[in-house]
Amino acid sequence: MKKAGLRGYIIKRLIYAAIITWGVVTITFVLLRVGPMSPADKYLSNMSARTQDPAQVVAAIEARYGLDKPIYEQYFDYVVNLARGDWGWSFSNSLPVVTLIRRHWVYSFQLILLSMLFSATLGILIGVFSAVKRYTRTDYLATLFSFIGISIPNFWLGIMLILIFSVQLGWFKSYYDTGLPMFSLANLKALVLPVITLGTGMMAGYTRYARSATLDNLKQDFVRTARAKGLPERVVIGKHVLRNAILPIITIIMFDLSGIVFGGAYLTEIIFGIPGLGRVSFNALFASDYPVVVTITLIGAMVVLLTNLATDIVYTRLDPRIRYD
Amino acid sequence: MTEKKSGQISDRFGGRRNLVFFSGLLALVAVILLDIYLEAQILEPMGYFYIFFALVATCYALYPLYVNRRLTRYYWERTRRHRLSVLGLAFIIFLIAVALIGPLLTPDPTKVNFDKKNTPPVGFTIQQSVFDTKTDQLVSRETPGTWQHPLGTDEKGRDMLAMLVSGARVSLQVGLLATLMAIFIGALMGVMSAYLGGWWDNALMRFTDVMMTFPFFLLLVFIIFIFGPSLAFIILAIGLTGWTGTARLVRSETLSLRTREFVMASKSLGASGARIIFRHLMPNVISSIIVIATLSIPGIILAEAALSFIGLGDPTVTSWGVVLNAGQRSLDTAWWVAVEPGIMLFLTVLAFNFLGDGIRDAFDPRSQQ
C-alpha cells in the first residue's frame with residue numbers, strides 16, 4: 001500500500017518534470033521569436049562576407065536553418081533537435097555547442113561544488129554554534145556576520161578580494177590559470193578566492209537557517225529526554241539536534257541553486273576569468289552567438305529541475321513523516 | 001440616487017480605492033496602447049512606470065495608512081523597536097534625498113576631463129606617471145586628493161561623487177519600480193490562482209513552476225540579450241521574471257483565508273467574487289506582501305548592478321555597476337573607483353535588509369517580543 005503510494009508519487013513528479021521541461025523549452029522558443037532581431041539577423045551579424053546581396057544571404061540562411069518553414073514546424077524542429085542533443089553551432093568558437101559545453105562544464109562544476117561544500121560546512125557549524133550559545137556575544141557576532149554576508153554583493157566581494165590579496169599582498173593570482181591539472185593543490189589554491197566570493201553569501205544564509213532550525217529543535221521534548229538521560233551535550237547537539245535540523249537545511253541548499261548559486265557563479269567566473277559555462281555564455285553574448293546563450297540557459301534550468309526532483313524523491317525516503325499525495 | 005448607485009459600483013470592487021486604482025490602471029494601459037499604436041512617444045517609458053508607482057502607492061499604501069492612523073502608529077511603534085531597521089530606514093531616506101537633490105549639486109557624471117584623471121579621494125595621495133608636455137616625457141608625480149573632487153575621479157577624470165549620485169538614482173528607480181511590478185504581478189497571480197482554484201490554479205501554478213525553474217539571473221541575461229538593454233526594459237524584465245516567490249506566498253496565504261468564517265459569511269450574503277478578493281482576501285495578505293516586497297528590493301538592486309557590471313546595463317545611464325566595472329579594470333592604479341560604488345551598493349542592500357527584517361517582525365503578530 002505504502003510502496004504503491006510512493007511509486008505513484010514518483011511517477012506523478014516525473015510527469016510534472018516533463019511538463020515543466022516542455023514549458024521551459026517553449027518559453028525560450030517564444031522569447032527568441034518575439035525578440036526584435038530575427039534569428040537570421042543574428043546569424044547575419046556574424047558573417048564577415050557582406051559583398052553579397054543581404055537579402056540573398058538572409059534567404060540562404062533561412063533555408064539552411066529551416067527558418068522559412070511555418071512557425072509550428074520550426075517549433076517542432078527546435079524541440080526535436082534539443083531532445084536529440086543537436087544544440088546548434090557556435091559561430092564565435094567554430095564548434096558544435098555540445099562540444100563547447102563538454103569542454104567547459106567541468107570548470108563551473110568544480111567551482112559550484114567547492115563553494116557549496118565550503119559554505120554548507122561553515123554555515124551549518126557557525127549556525128549551530130550560535131544557536132547553542134544564543135544571546136551571547138558570539139551569537140550576536142555571528143548574526144551580524146550573516147547580515148553582512150547576505151548584503152555584500154558577491155561580485156564586489158570578488159573585486160575586493162583581488163584588490164587585497166592579489167594586487168596589494170600578491171598572495172593569489174587575480175586570474176584563474178587554466179593550465180593547471182584538475183586534481184592538484186595549485187588548482188585548489190587558484191580557486192580559493194572564487195570559492196570565497198561565491199560561498200560567502202550562501203554561507204551567511206545557511207548560518208541563519210541553521211541557527212533557527214537548531215533553536216526550534218532545542219525546544220523539542222526529545223532534547224529534554226536526551227538531556228534527562230544524562231547524555232553529554234556533545235551527543236545531544238551532534239546527534240539529536242543536528243540530525244533533525246539538517247534535512248530542511250539541505251532542501252534550502254538545493255533550492256538555492258536556481259536563485260543564488262547560478263547567478264553568483266556566472267559573475268564569479270567572469271571576474272576571475274574561469275572558463276566555465278557562465279564565462280562561455282558571457283563571451284557568446286557579446287558575439288551575438290545565440291545558440292550558446294540559449295543552450296546554457298536551458299542547461300541551468302534543467303539542472304535546477306533535476307536537483308529539485310531528486311531532492312523531493314530522496315526526501316520521501318529519508319523522512320518517513322512526509323506525506324506524498 | 002446617483003450617489004447610491006456609485007456606492008454600489010465601488011462596493012462591487014471592494015471599496016472606492018480599488019475603483020480609483022482600476023480606472024487609473026485602465027486609463028494608463030489605454031494611453032500606453034495608444035502610444036504604441038501612434039508611435040507618438042507621449043511619455044518616456046520611465047514616465048509610465050512612475051505613474052503606475054504613484055497609483056499603487058497612493059491607493060494601497062498612503063491612503064490606508066492615512067485612514068487607519070491608529071494602526072499606522074501601532075506598526076510604526078513596533079518597527080521602531082528594531083534599532084537597526086530605523087537605521088536602515090534613515091539611510092534609505094538619505095539615499096532618496098541624494099537621488100532627488102544630488103544631481104542638481106554635482107557636476108555632470110559623464111563629463112570627461114583627462115587632466116584630472118585618477119585623482120584620489122580627499123586625504124589620500126598617490127604616485128602616478130603623468131605625461132609632461134614641456135619635456136615630452138612621462139614623469140612620476142604625486143597626485144593629492146582635492147576638495148574639487150571629494151571622492152576622487154576615475155581613469156577618464158569623471159567625478160566619482162557625481163557618478164555615485166547618479167548611480168543612487170538608478171538603483172532606487174530599479175529597486176522600487178521593478179519590485180513594485182514583480183509584487184503586483186505575483187500578488188495578482190497568487191490571489192487569482194487560489195480564488196479560482198481547479199484548472200486555473202493548476203495552470204497558473206505550473207506556469208509559476210516553469211518560471212521558477214529558470215535560474216533568475218540567467219533568464220534575465222537571456223531576455224536582455226534578446227531585447228536589448230534600456231533602463232525601462234530592464235525594469236520590465238525584472239518585473240516579469242521576479243514575481244514567482246510572491247505568487248506562491250500569496251496563493252498559500254489566500255488558500256488558508258478562503259475557508260475562514262468571515263469569507264464564508266460574506267459569500268453567503270451574496271458578495272461577488274471581485275468583492276471577496278479585493279475587500280476580504282487582499283487586505284489580509286497585504287502585510288505579507290509588504291514584507292516580501294521590502295525583502296526583495298535588495299536582490300533586485302543587486303540584479304541591476306550585476307547586469308550593468310557585466311555590460312548589459314543601459315549604456316546611457318551611469319549606474320553603480322558600470323562604475324564598478326570601470327573600477328575592476330583600474331584596480332592597480334585607482335583602487336577607489338572599485339571600492340566606492342561597492343560600499344554604496346553594500347550599504348543600500350544592508351539598509352533594505354534591516355528595514356525588511358524590522359517590518360517583518362512588526363507585521364507578524366506571531367513574533368511577539
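Q: In helix 13 (residues 320-329) of chain B, how many of the ten residues are buried?

A: The general idea is to count neighbours: a residue is buried if 20 or more other C-beta atoms lie within 10 Å of its own, exposed if 12 or fewer, and partly exposed in between, with C-beta atoms placed from the backbone. In this predicted model, eight of the ten residues of helix 13 of chain B are buried, so the helix is mostly covered. Those residues are Trp320(B), Gly321(B), Val322(B), Val323(B), Leu324(B), Asn325(B), Gly327(B) and Gln328(B).

Q: How are residues, chains and elements numbered, and which parts of the model count?

A: Residues are numbered from 1 along each chain as its sequence is written, while chains are lettered from A and ligands numbered from 1 in the order in which they are written. Because this is a predicted model, local features need pLDDT of at least 70 and side-chain atom pairs count only at pLDDT 80 or more, whereas totals for chains, interfaces and linings use all residues. Helices (H or I, at least four residues) and strands (E, at least two) are DSSP runs numbered from the N terminus, and chain B comes to 14 helices and two strands.

Q: What do the buried residues of helix 13 of chain B pack against?

A: Packing is read through contacts, where two residues are in contact if their C-beta atoms, placed from the backbone, lie within 7 Å. The buried residues of helix 13 of chain B pack against helix 6 (160-196), helix 12 (273-309) and helix 14 (335-363) of chain B, together with helix 7 (154-168) of chain A.

Q: How many residues does each chain give to the contact between chain A and chain B, and how do those of chain A divide by class?

A: The contact takes 36 residues from chain A and 35 residues from chain B. For the classes, Ala, Val, Leu, Ile, Met, Phe, Trp, Tyr, Cys and Pro count as nonpolar, Asp, Glu, Lys and Arg as charged, and the others, Gly among them, as polar. The side of chain A that touches chain B has 28 nonpolar, eight polar and no charged residues.

Q: At what angle do helix 10 (residues 244-258) and helix 12 of chain B cross?

A: Axes are lines fitted to C-alpha atoms, for helices over the stretch in contact, and angles run from 0 to 180 degrees between N-to-C directions. The axes of these two helices of chain B come within 10 Å and cross at roughly 145°. The residues of their contact divide into seven nonpolar, five polar and one charged.

Q: Which domains make up chain B?

A: Domain bounds come from an automatic or database domain assignment, and here chain B is divided into domain 1 (1-80) and domain 2 (85-117 + 153-363). Their C-alpha centres lie 20 Å apart, and the contact takes 15 residues from domain 1 of chain B and 18 residues from domain 2 of chain B.

Q: Why does Tyr50(B) count as partly exposed?

A: Tyr50(B), which lies in helix 3 (residues 45-67) of chain B, counts as partly exposed because it has 14 C-beta neighbours inside 10 Å. Tyr50(B) and Leu177(B) are 127 residues apart in sequence, yet 7.5 Å apart in space, C-alpha to C-alpha.

Q: What pLDDT does chain B average?

A: The pLDDT is the predictor's confidence in each residue, from 0 to 100, and chain B averages 80, with 91% of the residues scoring at least 70. Over residues 1-7 of chain B the pLDDT is below 50, and beyond near neighbours in sequence this stretch has zero contacts in the model.
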